[in-house]
Each structure stands twice: as C-alpha cells, then as structure tokens.
Amino acid sequence: MELLANKYRPNKLNDIIGQSHIIGKNKILNNLIKNKKLFSMIFYGKPGIGKTSIAYVLVKELELNHRFLNATINTKADFEVVIQEAKLYGEMVVIIDEIHRMNKDKQDLLLPYLESGLIILIGLTTSNPYHVINPAIRSRCQIFELKELSKEDIITGLKKIIKKENINIDNDSIEYIANISSGDYRFAINLLDMALASSSNSSINMEILKSINSKPAFFSDKNEDGHYDVLSAFQKSIRGSDVNASLHYLARLIESGDLDSIFRRMSVIAYEDIGLANPSIGPKVMAAISAAQSVGLPEARIPLGTIVCEMALSPKSNSAHIALDNALNDIRKGNTGNVPNHIKTSSKAYKYPHDYPNNYVKQQYLPDNIKNKKYYVPSHNKYEDNLNKLHNEITKDLN
C-alpha cells in the first residue's frame, strides 16, 4: 500500500529532480553537506518541486537531529516540546511547513533560539517570503527560490521509477503525465501510481490516464502567490497588447474557477490601462461581466473571451488616472489653497459657461497658489488627440 511518492522519496541530494542552480557539483547545497555545515534557510516555490525532499535530504545526509512541524496544524505547545528536545540534544533542525502561516506567538517563541543557534530552521512555503514572513525570522535565514520543474525534469524522474517498478507504459503516456502535471513532480508520481493501480496487468495507456485526470495541475491557488501572479500576468498582457498571452492567462483564471477576480481585474484594466484611448471599453466590460454572471460557466468564457480580445487590441492610455494620482499627491502634501471666491457656493461673480459661446468662458478654477498647475498630460491616441484638438479650438481665442 506504500505510495510511490513515499517509496521513492530522495535519500541523497543527487536524487533530487531539477534545482540545478543550487544542487550539483560545487553548488551551494552540495558544498554545505561536504563541509558538514547547515544554516537556517527558507525554501519557497510551487507545490511538488522538491522543497520537503530537499529539507529531509539535508538533515539525513548531515545526520542531524530534526523534527518536522506544520505552522498551521501544530500548536504552540508542540513547538515548546521541540525546543525542550533541542535543549537536551544541544541543537535541533526544525523543518516547518507552511511557515508563512506561523503566528506571532510561535515566532516569538522561536526567535531567541534561532538567535542562539539552538534551533536551525528550515522553512517551507509556496508564498514569497519577502511578502509574508516576519522580517525578524527572515533576517535570520538564507532564502532560496526553487525553480519550476521542466517537462524534461518530470520525464527523467518518472522514467527512473518506471524502470525500477517494471511498469509497461509507452512514451506518449509518459509525456502526457509530464504535460498535465505542469511542473508538479508529486502530482506526476501520484497520477502514475493511480494509473498503475487502475490497470489490470501493470500496463498503463492514454485511455487509463485520461479516465483518471484530463485537467492540468497548474498552480493557481486563489489564496496564494501563484494566483496573484496569474492575475498580474493577465493585466500586463492586456496592457502590453499581447492578445494571445491575454487569452492564455484568462483561460488559466477560468480553469481556477475564480470569476470574481477576473471581473474585478478587468474592471480595473478598462480604466487604468485603456482609459481615454477607448472610453467605450468601460461599459463594454461591465456588459460582458453581466453576461458572464447571467450564463455562468462554461458559457461565461464566451463573453469574457470576446471582451478580453478587444481589451488587448485596444489603444492604451493611462493619462487620466495618472492625472488624478498627481492631484492626490498635491492634496496629501498640503499643496492646496482656498477655493476662488467666484466659484464658491452661490457666488454672484460666477460666470455660467452655458451662457457663453461653445459653453466656455475664461475664468480661474484652481486655487491661487496652484492656478497654473497641469495634472493631465494627454497620451497620443486617436480619441485624446481629437479631444485636445477640440479643446484647443474652443479656447484659442480666450488665451
């Protein structure tokens, strides 16, 4: 009943798949083992790429006393027990999974022992530690980002297991597992394991694999960095007018099932990145969101795909929101002034623009000390060029 993922958990650093930037001859982690020295460190990266395996291999090869804790599951009392054990041994490596979820009580408990060297910490997280981990903990650790595994990495690892287990499987099926795993080696091994258990003669083919899972295991947890990375890539692809990339990231977001994040981000993009270059895009985006909400998935993809194509292909302008940000900066710095008397409430000196030709009359609106301030700097696109041309024609005789 032993799972293949556990049976073939690496015992040596050289058994780790990928991570060639820190593992290999004369690389950082190999040299730590060679020099029999370990420091507090944090490994972060996507699921299934070797964080836990590397932590276990390090303590095993260095033959160090260690304990494994989970920042979410284990209580403060569990942490206290480990500290007492460390005092008995004189030193202890504590491997903490989901370290980004470690609360302040546990952090405060560990800090002095990290400082003294009684505890050597190996933290594991899918989140960027620079964003989510207490700076006091972070400053006492070396931080290593683990890279996403390539399809070739996954295939190499699978073939080793397949050979040892004498599994009958063709190359197309191996490649299918590697593709669908999206860089998650643990997912790939578990899929191989289940396919093997589902076959009648220890033979695996594409039909068995697709009957188990036909969806990729891409990392897009809406509560973690991966999801926000995809949202960021979605916006930046639209901003960069790459319609193909925009559709790719939209598809990933749709597969994650988080329509609310798609709606919010599209609403922002319409005004932040397209703005005055295509003013009709705002109402169109809201109409597409309304349609998507009405029909739900899977049909929601149709209006969303249509509007995202238009957004990506639209001209871009951020002039309006940059202008407002400039005005806000002045307000926050105290660079304001009194409202001119002639535009105060019920002022008899106010000139009503609708009473004048072209609905325009020259009068001062900004306070005296910033009366010549210009916040809005137009971008060059068809719509704003026309606005500026019209505005200049109306005001040229009054300047």
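**Helix packing, a strand pair and backbone details**

Modeller: Start with two helices, α8 (residues 151-165) and α10 (residues 185-198): their axes cross at roughly 35 degrees and come within 10 Å. Axes are lines fitted to C-alpha atoms, over the stretch in contact for helices, and angles run from 0 to 180 degrees between N-to-C directions. This is a predicted model: local features need pLDDT of at least 70, side-chain atom pairs count only at pLDDT 80 or more, and totals for chains, interfaces and linings use all residues. Residues are numbered from 1 along each chain as its sequence is written, and side-chain values use heavy atoms, leaving out hydrogens and water.

Colleague: Which residues of α8 and α10 meet?

Modeller: From α8 come I154, G157, L158, I161 and I162; from α10 come Y185, A188, I189 and L192. Contact means heavy atoms within 4.5 Å. By class, eight of the residues in this contact are nonpolar, one is polar and none is charged. Gly counts as polar, and G157 is among the α8 residues here. The crossing of α8 with α10 is right-handed.

Colleague: Why is α13 called roughly antiparallel to α16?

Modeller: Set the angle against the cut-off. Helix α13 (residues 243-256) packs on helix α16 (residues 301-313) at about 150 degrees, with 9 Å between the axes. Angles over 145 degrees count as roughly antiparallel, so α13 is roughly antiparallel to α16. Their crossing is right-handed.

Colleague: What makes up the contact of α13 with α16?

Modeller: V243, S246, L247, L250 and I254 in α13 meet R301, L304, G305, V308, C309, A312 and L313 in α16. Nine of these residues are nonpolar, two are polar and one is charged. Arg belongs to the charged class, and R301 sits on the α16 side.

Colleague: What sits in the loop between α15 (281-295) and α16?

Modeller: P298 is found there. The peptide bond from L297 to P298 is cis, with omega near 10 degrees.

Colleague: Why is Q19 called buried?

Modeller: Buried means under 20% relative accessible area, exposed over 50%, partly exposed in between (1.4 Å probe, protein chains only). Q19 has 4%, so it is buried. Its place is the loop between α1 (4-7) and α2 (28-34). Q19 is not a glycine, yet its phi is positive, about 60 degrees.

Colleague: Why does N26 count as exposed?

Modeller: N26 has 56% relative accessibility, so it counts as exposed. N26 also lies in the loop between α1 and α2. Phi of N26 is near 65 degrees, a positive value in a residue other than glycine.

Colleague: Is D105 buried, exposed or partly exposed?

Modeller: D105 has a relative accessible area of 46%, so the label is partly exposed. D105 belongs to helix α5 (residues 104-116). K76 is 29 residues away in sequence, but the C-alpha to C-alpha distance between D105 and K76 is 7.2 Å.

Colleague: Why is Q235 called buried?

Modeller: Q235 has 7% relative accessibility, so Q235 counts as buried. Q235 lies in helix α12 (residues 225-239). Leaving aside residues up to four places away in sequence, Q235 touches R265, V268, I269, E272 and D273.

Colleague: What makes strand β3 (residues 92-97) largely enclosed?

Modeller: Five of the six residues of β3 are buried, so β3 is largely enclosed by the rest of the structure.

Colleague: How many bridges join β2 (residues 66-70) to β3?

Modeller: Five bridges join β2 to β3, and the two strands run parallel. Strands pair if DSSP finds at least two bridges between them. F68 stands opposite I95 in β3.

Notes: Helix = DSSP H or I, 4+ residues; strand = E, 2+ residues; numbered from the N terminus. Left-handed = near helix turned anticlockwise from the far one by under 90°. Parallel < 35°, antiparallel > 145°, perpendicular 65-115°, else oblique.
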